[in-house]
Amino acid sequence: MEKIPILRMGNLLLVTIQVDLYDRLAETLESDLVQMIKKTGARGVLIDISAVSIIDSFMGRIIGNIATMSKILDAETVVVGMQPAVAITLVELGLPLNGVLTALNVEKGMELLKKKIAEEEPEEEEDHGDTE
Amino acid sequence: MVTLNRESMSIMREIDVIPFRNRLKEYAVKIGMSLVNQTKIITAASELARNMLKYANGGKVTIEVVSKGRENGIRMVFKDEGPGIPDIDKAMKDGFSTGKSLGLGLPGTKRLVSEFAITSEVGKGTTVIVTKWKNG
Ligand SMILES: Nc1ncnc2c1ncn2[C@@H]1O[C@H](COP(=O)(O)OP(=O)(O)O)[C@@H](O)[C@H]1O
Ligand SMILES: [Mg+2]
């Protein structure tokens, strides 16, 4: 069966979708990613969709699901490279992917992920004295 | 409206959607449709093909290149012999789904195309006809 590869880079998981998604493939990616996050304890997921020319409500929902599920597992998801025509179409379809963090490209997406993860690290240095 | 070209494909399995989408893309490119409109019509087609598979065990789609005055466009007829839709007004509402999904396929498709028509008869089947004009 065809599968979308998931790459591990430190505490991040990287997915580059190179083909147009169809339902089975998208569902497999969703469950594979959840498994991977659990197994590796990854803190961030970066999904590059710059090669994807069509996202309909089914695939849009899967992307939303991935973001929600990873959040529950304590990982942030950033979707990068959405084609402008795809973004316009999603809004008109009625699925603007509001809950999903997006960035222009992989580089910007990485920065955003690292920032998000850093924000969530427990702040040990501060909080030595009670300021209140 | 004049039909310049017509082609039918049957959509019986999920895998049939890919060659259908590719064919549609070829026609859209051939008539010089903008990338945004190509994306809209292929997304709409994807929604309607999925509905046929999910709710009616498949069906048939006809792709036509049509022209009206100076405008060219693509018309598609999705026809199935599934269970039909008892309440079309309800099915056309954002968020209505009997399939535990988002309920955006029909209303979203209507927003993405230039012309949209749906007829359905319980026990007989459903037909959805959409047209997207090149510059529409
Ligand atoms: N071809 C069809 N045959 C029978 N019922 C259909 C068909 N297409 C749509 N429906 C009905 O209309 C509802 C709304 O469809 P849609 O807007 O695509 O949302 P969704 O597929 O997410 O439920 C479906 O849940 C289903 O009950
Ligand atoms: Mg649907």
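In the predicted model, helix α2 of chain B comprises the 22 residues 35–56. At 1.5 Å a residue, a helix of this length should span 32 Å, and the end C-alpha atoms of α2(B) lie 31 Å apart, which agrees with that expectation. Of the 22 residues of α2(B), 17 are buried, so the helix is largely enclosed by the rest of the structure. Just after α2(B), residue B:N57 adopts a positive phi of about 55°.

Chain B also contains an open sheet of five strands, arranged in the order β1-β2-β3-β5-β4 with antiparallel pairing. In general, the strands of a sheet are paired through backbone hydrogen bonds, in either a parallel or an antiparallel manner.

The pairing can be followed from strand to strand. Nine bridges connect β1(B) with β2 (residues 59–68) of chain B in the antiparallel sense, and within this pair B:S10 has B:K60 of β2(B) as its bridge partner. Strand β2(B) is in turn joined to β3(B) by nine bridges, again with the two strands running antiparallel. Here B:K60 stands opposite B:K79 of β3(B). The hairpin of β2(B) and β3(B) has two residues between the strands, and B:G69 in this hairpin takes a positive phi near 60°. Strand β3(B) is mostly covered, with seven of its ten residues buried. Eight bridges then link β3(B) to β5(B) in the antiparallel sense, where B:K79 is found opposite B:T127 of β5(B).

Two further helices lie across strands of chain B. Helix α1 (residues 17–30) of chain B lies across β1, β2 and β3 (71–80) of that chain and runs at about 165° to β1(B). Helix α4 (residues 105–112) of chain B lies across β4 and β5 (125–133), running at about 150° to β4(B).

The nonpolar residues were examined next. In soluble globular proteins, nonpolar side chains tend to be buried together. The largest nonpolar core holds 67 residues, of which B:F20, B:I74, B:M76 and B:F78 touch the most other members. Helix α2(B) supplies the largest share of this core, namely eight residues. When residues up to four places away in sequence are not counted, B:F20 touches B:M9, B:I11, B:A45, B:A49, B:V61, B:I63, B:M76 and B:F78. A second, separate core consists of nine residues, among them A:L12, A:L14, A:V80 and A:A103.

Charged side chains form a further set of contacts. Side chains of opposite charge can pair when their charged atoms come close. Over all chains, the structure holds 17 salt bridges. One of them joins A:E121 to A:R43, with the closest N and O atoms 3.1 Å apart. Residue A:E121 lies in the segment after α4 (106–120) of chain A, whereas A:R43 lies in the loop between α1 (23–40) and β3 (44–48) of chain A, so the pair ties together parts that are 78 residues apart in sequence. Residue A:E121 is partly exposed, with a relative accessible area of 37%, while A:R43 is buried, with a value of 17%. Both residues belong to a network of salt bridges that links A:R43, A:K71, A:E76, A:E120 and A:E121.

In chain B, B:R6 forms a salt bridge with B:E64, the closest N and O atoms being 3.6 Å apart. Because B:R6 lies in strand β1 and B:E64 in strand β2 of chain B, this pair ties together parts that are 58 residues apart in sequence. The two partners contrast in accessibility: B:R6 is exposed, with a relative accessible area of 55%, whereas B:E64 is buried, with a relative accessible area of 4%. Another salt bridge is formed by the side chains of B:R23 and B:E26, at 2.3 Å from N to O. Both residues lie in helix α1 of chain B, three residues apart, which corresponds to about one turn of the helix. Residue B:R23 is partly exposed, with a relative accessible area of 28%, and B:E26 is likewise partly exposed, with a relative accessible area of 45%.

Definitions and conventions. Residues numbered from 1 in each chain as written. Chains lettered and ligands numbered in written order. Predicted model: local features only at pLDDT ≥ 70, side-chain atom pairs only at ≥ 80, totals over all residues. Heavy atoms only, no water. Helix = DSSP H or I, 4+ residues; strand = E, 2+ residues; numbered from the N terminus. Expected span 1.5 Å × (residues − 1). Buried < 20%, exposed > 50% of the residue type's maximum accessible area, 1.4 Å probe, protein only. Pairing = 2+ DSSP bridges. Contact = heavy atoms within 4.5 Å. Axes fitted to C-alpha atoms, helices over the stretch in contact; angles between N-to-C directions. Salt bridge = Lys/Arg side-chain N within 4 Å of Asp/Glu carboxyl O. Core = buried A, V, L, I, M, F, W, Y, C linked by side-chain atoms within 4.5 Å.
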